[in-house]
Amino acid sequence: MESRGLKCQLKDSIPVGELNPNAGSYGIHDTLRKGFSSVKSELLPSHPLELAEKNFQLNQDRMTFASLRNIQGLHAPLKLQMEYKAVKQIQRLPFLQSSHIALDTLRGADDSIGFEDILNDPAQYEVMGDPHVMVEYKLGVL
């Protein structure tokens, strides 16, 4: 009778790994592959403009595509979206930070200096790990 009760408890229990989507194979956060966990990223925006600022580039692209479609027709935004997609795929090895200069050139942001240009130093990058492990993870060997 007690063994049946234990069996029911095990069947109905949820593994710890399913509760946390960032959990690795051992049920804890995998810092090497997913970076440091942050409570701030899981919180709701504290100010109404924070969400608009976070999605600024997406909204800017949508406005550009809409104006191109109205002026030049359907082919212009489709061509630009294909170019964006092709340029986003070009990057360095996973352990080196890519500057995405071609994407900035397509968007017209290559001649402006922003916050991310000054305070985005690759030497201060937090997810710097073992290059061999990171490349193997990216290729799906691990």
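Predicted model: local features only at pLDDT ≥ 70, side-chain atom pairs only at ≥ 80, totals over all residues.

If you then colour by relative accessibility, buried residues account for 10% of the 142 residues in the protein chain.

Next, turn to the largest pocket, which holds about 900 Å³ of space. To centre the view there, select Gln57, Asp104, Ala109, Glu116 and Asp117, which are the closest to the pocket's centre among the 25 residues that line it. Extending the selection to whole elements, you will find that helix H4 (48-54), helix H5 (56-72), helix H7 (101-107) and H8 each give two or more residues to this lining, and that H5 provides the largest share, with five residues. Colouring the lining of the largest pocket by residue class separates seven nonpolar, ten polar and eight charged residues.

For the last stop, select Ile113, Phe115, Ile118 and Leu119, and show their surface: together these residues make a nonpolar patch of about 530 Å². Where does leucine 119 sit relative to helix H8 and helix H9? Leucine 119 lies in the loop between helix H8 (115-118) and helix H9 (131-139). Is leucine 119 buried or exposed? Its relative accessibility is 56%, and because exposed means over 50%, leucine 119 counts as exposed.

Note on methods:
Residues numbered from 1 in each chain as written. Heavy atoms only, no water. Patch = residues over 30% accessible without salt bridge, like charges linked within 9 Å, V, L, I, M, F, W, Y side chains within 5 Å. Areas by Shrake-Rupley, 256 points an atom, 1.4 Å probe, with all protein chains shown as cover. Salt bridge = Lys/Arg side-chain N within 4 Å of Asp/Glu carboxyl O. Helix = DSSP H or I, 4+ residues; strand = E, 2+ residues; numbered from the N terminus. Buried < 20%, exposed > 50% of the residue type's maximum accessible area, 1.4 Å probe, protein only. 1 Å grid on protein atoms, 1.4 Å probe; cavity = no way out; pocket = protein on both sides within 12 Å on 5 of 7 lines; lining within 4 Å. Points joined across faces, edges and corners; volume = space filled by probe spheres on them. Nonpolar A, V, L, I, M, F, W, Y, C, P; charged D, E, K, R; others polar.
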